[in-house]
Amino acid sequence: MQGALRAARSIIYRTGHLLVLGGSFALALLMPDAEAALGIALLATALFMVLLEWLMPARPDWKQTGKERAEMVSVFVGLAFVFLLVVEFYDASVAPMLAGLRDSLGLAIWPVGLPVALQVVMLYFASELIYYWLHRAIHASGLFWRVSGHGFHHSYRKLHSLHSGTNHPFEIVYLALPALLLGALFGADRDVIAMATVLISVNALVVHANVDLETPVLSFFVTNARHHRRHHSTVFEQSNTNFSCNAIIWDRLFGTF
């Protein structure tokens, strides 16, 4: 029995991250309603990560009390609702303005002829490049740190999956922007933007979880919990690294890994 349990944990450790991202992408591809796909993907991933945090925690000493978990769930649900409102606002107001700018400047260069999966991956990494530099600037500037409200997110020391959604409401303004900004400005299809948003949101749950998932090759390009846990360290030299929440390749390339 113990041997079978160890084998199962080893399989989850090596494949869990890839299965979560692959399953979320398949769901987003099959469901015509982007908001419903995002909601179901987030719920399913959150439940899976909470289960893994109970079965195979990276830090057993970080176990939450019932009160702490209830507080985290309430904050996550409230801010997830704010996130959806911001995304809807951008889609209704910012996207049309960017489309007009795109047409007037001839910026419709997005490779719409490529397979959808490849377009989604491209937008995932491109939007994370924008987030990487925003996040790095916030940590480098006391003014940006205060204005963004990013300190609220870092106030949580013992990370769990739902901490991915514990952000200051103002921070959501720029968290929701990169994928839509790039997609609308360069002419990506709405479905591609929606699917990239699903993957980014789901991976944020994985990287904040109190569980280690280390898929070979994938972990060279995509941020995992071990990478991001270091960023949340109380030691400055450690927290001043791994700025990309979803694409650790940018930290490797720009010397902050």
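Biologist: Why does Val 73 count as partly exposed?

Modeller: Val 73 has 35% relative accessibility; buried means under 20% relative accessible area, exposed over 50% and partly exposed in between, with a 1.4 Å probe and protein chains only, so Val 73 counts as partly exposed. This is a predicted model, in which local features need pLDDT of at least 70 and side-chain atom pairs count only at pLDDT 80 or more, while totals for chains, interfaces and linings use all residues. Residues are numbered from 1 along each chain as its sequence is written, and side-chain values use heavy atoms, with hydrogens and water left out.

Biologist: Where is Val 73 found, and how many residues in sequence separate Val 73 from His 163?

Modeller: Val 73 is found in helix 3, where a helix is a DSSP run of H or I with at least four residues, numbered from the N terminus. Val 73 and His 163 are 90 residues apart in sequence, and 8.9 Å apart in space from C-alpha to C-alpha.

Biologist: What makes Pro 32 count as exposed?

Modeller: The relative accessibility of Pro 32 is 82%, and therefore Pro 32 counts as exposed. Pro 32 is found in the loop between helix 1 and helix 2, and its C-alpha is 8.4 Å from that of Asp 191, although the two are 159 residues apart in sequence.

Biologist: Why is the pair of Tyr 132 and Trp 133 called edge-to-face?

Modeller: Rings of Phe, Tyr and Trp (its six-membered ring) pair if their centres lie within 6.5 Å, and planes under 30 degrees apart count as stacked, over 60 as edge-to-face and the rest as tilted. The centres of Tyr 132 and Trp 133 are 5.0 Å apart and their planes are at 85 degrees, so the pair is edge-to-face. Tyr 132 is buried, with a relative accessible area of 0%, whereas Trp 133 counts as partly exposed at 40%.

Biologist: What makes Asn 242 a buried residue?

Modeller: Asn 242 has a relative accessible area of 4% and is therefore buried. Its place is in the loop between helix 12 (236–239) and helix 13, and its phi is positive, at about 50 degrees, although Asn 242 is not a glycine. Most residues other than glycine have a negative phi.

Biologist: Why does Val 217 count as exposed?

Modeller: At 62% relative accessibility, Val 217 counts as exposed, which is why it takes that label. Val 217 lies in the loop between helix 9 and helix 10 (218–221), and Val 217 also has a positive phi, of about 75 degrees.

Biologist: Which residues touch the most other members of the largest nonpolar core?

Modeller: A nonpolar core is a set of buried Ala, Val, Leu, Ile, Met, Phe, Trp, Tyr and Cys residues joined through side-chain atoms within 4.5 Å. Of the 54 residues in the largest such core, Met 49, Val 120, Leu 123, Phe 125 and Val 202 touch the most other members. Its largest share, ten residues, comes from helix 9. Leaving aside its neighbours within four places in sequence, Val 202 is in contact (heavy atoms within 4.5 Å) with residues including Val 20, Leu 21 and Ala 41.

Terms used:
Helices (H or I, at least four residues) and strands (E, at least two) are DSSP runs, numbered from the N terminus.
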